[in-house]
Amino acid sequence: MKISFVDLHAQYLSIKPEIDEAIARVISNSSYIGGVEVVNFEYNFSKWLGVDYFIGCANGTDSIEMLLKAMDVGPGDEVIVPAMSWISTSEAVSTCGAKPIFVDIHPEYYTIDEELIERYITTKTKVIIPVHLYGQPCNMTKIMEIAERHNLWVLEDCAQAHGTRWDGKRVGTFGHASSFSFFPGKNLGAYGDAGGMGTNDLAIAERVRMIANHGQKGKHNHIIEGRNSRLDGLQAAVLNVKLKYLDDWITGRQAVAKEYGRLLESCIGVKIPAERQGGLHSYHLYVIQIENRDVVKERLIDSGVESAIHYPTPLPFLSCYKENENKECDFPNVLNYSKNILSLPIYPELSKLDIENISNLLY
Ligand SMILES: *Cc1c(COP(=O)(O)O)cnc(C)c1O
């Protein structure tokens, strides 16, 4: 048996003629930076998401950083982030000169525990960054209420949540702005690095577009010092093709999750992911909790099945945050579950037999 954790090649084969044609078109037009593919993707993705503006950029880390800058976040400011995420979420805060304030996660849903947020709000707090981790929606109703009460910005990190819904709407439409990553392995992945920013706020949209392109407003008119973080034509062409299939692929992921759930529900020592009521999980990752996680992971490898851990160390306890002196007693939920989590392969191309074989190895 050989089952990889992600299978980008299988997906490519299913849409090969269209992708090859799109890439060839960009090369024959030499529209490598900007151009019609980028303009079209920004428009197509904004429509798909349901926001007024979508601005492409180089990756899903830059997008968080540039949105924070557009919200005027800088030295002396605090930004609330969950204790479990990929490092980009907190890293982007620090890169702006602000301080990430970590909040423990909900014990069942793995996203920021909205009941704890207010305890961490100070006069320095400027932004809350909810992360829809693994494809699970955060409770955006509660988070927006808290933000309004304290006059804070909300920046949704949707890097793992293309297609996730809360209260019937796609996540990325609740906050003042949202950040997306199109890293190849994400629910919508380019063939290299890519990212983007969504918002209904014209001022934010104009500002991030300017920051991403050297602070220019029109050619050679540099209003501020910005940076170079652009979505390139080849990536946009790939994304335009793939966006048409995204909803079907998400349905495929949900079907795999359902099958795992059926097979693992009664497996002793395994806790299958809980879905938050009122939302729709897009299953970027299928994360179980399992006793003797490391032994099980080895057993899977011996049988040819790849798995992963997202993530082995909660953010507050990474070496780079040593100086923040985060205390273990403030993060019981994340510390408790991070020892047991295991991400199983999940993609639409996974066969029923593959899912059955993987599940059997957990019994
Ligand atoms: C992948 C990811 C990012 C960063 O995206 P890149 O495109 O890799 O920079 C940010 N936040 C989360 C939660 C992610 O999973």
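The lining of the largest pocket comprises 16 nonpolar, 13 polar and six charged residues, where Ala, Val, Leu, Ile, Met, Phe, Trp, Tyr, Cys and Pro count as nonpolar, Asp, Glu, Lys and Arg as charged, and the others, Gly among them, as polar. The model is predicted: local features need pLDDT of at least 70, side-chain atom pairs count only at pLDDT 80 or more, and totals for chains, interfaces and linings use all residues. Residues are numbered from 1 along each chain as its sequence is written, and side-chain values use heavy atoms, with hydrogens and water left out.

A pocket here is an open set of points on a 1 Å grid over the protein atoms alone, where a 1.4 Å probe fits, with protein on both sides within 12 Å along at least five of seven lines; lining residues have an atom within 4 Å of a point. The largest pocket is lined by 35 residues, and Phe183, Pro184, Gly185, Lys186 and His284 lie nearest its centre. Helix 1 (8-14) and helix 5 (88-95) are the elements that give two or more residues to this lining; helices (H or I, at least four residues) and strands (E, at least two) are DSSP runs, numbered from the N terminus.

The second largest pocket is lined by 19 residues, with Glu42, Ile55, Arg209, Asn213 and Arg230 nearest its centre. Helix 3 (36-49), strand 1 (53-57) and helix 7 (202-212) each give two or more residues to the lining of the second largest pocket. Helix 7 supplies the largest share, four residues.

Salt bridges come next. The whole structure holds 17 salt bridges, each a side-chain nitrogen of Lys or Arg within 4 Å of a carboxyl oxygen of Asp or Glu. In one of them Arg227 pairs with Glu65, the closest N and O atoms being 3.0 Å apart. Arg227 lies in the loop between helix 7 and helix 8 (233-264) and Glu65 in helix 4 (residues 62-70), so the pair ties together parts that are 162 residues apart in sequence. Glu65 is buried at 9% relative accessibility, while Arg227 is partly exposed at 21%; buried means under 20% relative accessible area, exposed over 50%, partly exposed in between (1.4 Å probe, protein chains only). Arg293 and Asp294 also form a salt bridge, with closest N and O atoms 2.7 Å apart. Salt bridges that share partners join Asp62, Glu65, Lys69 and Arg227 into one network.

Disulfides (cysteine sulfur pairs within 2.5 Å) number zero in the whole structure. For Cys96, the closest cysteine sulfur is in Cys57, 13 Å away, too far for a bond.
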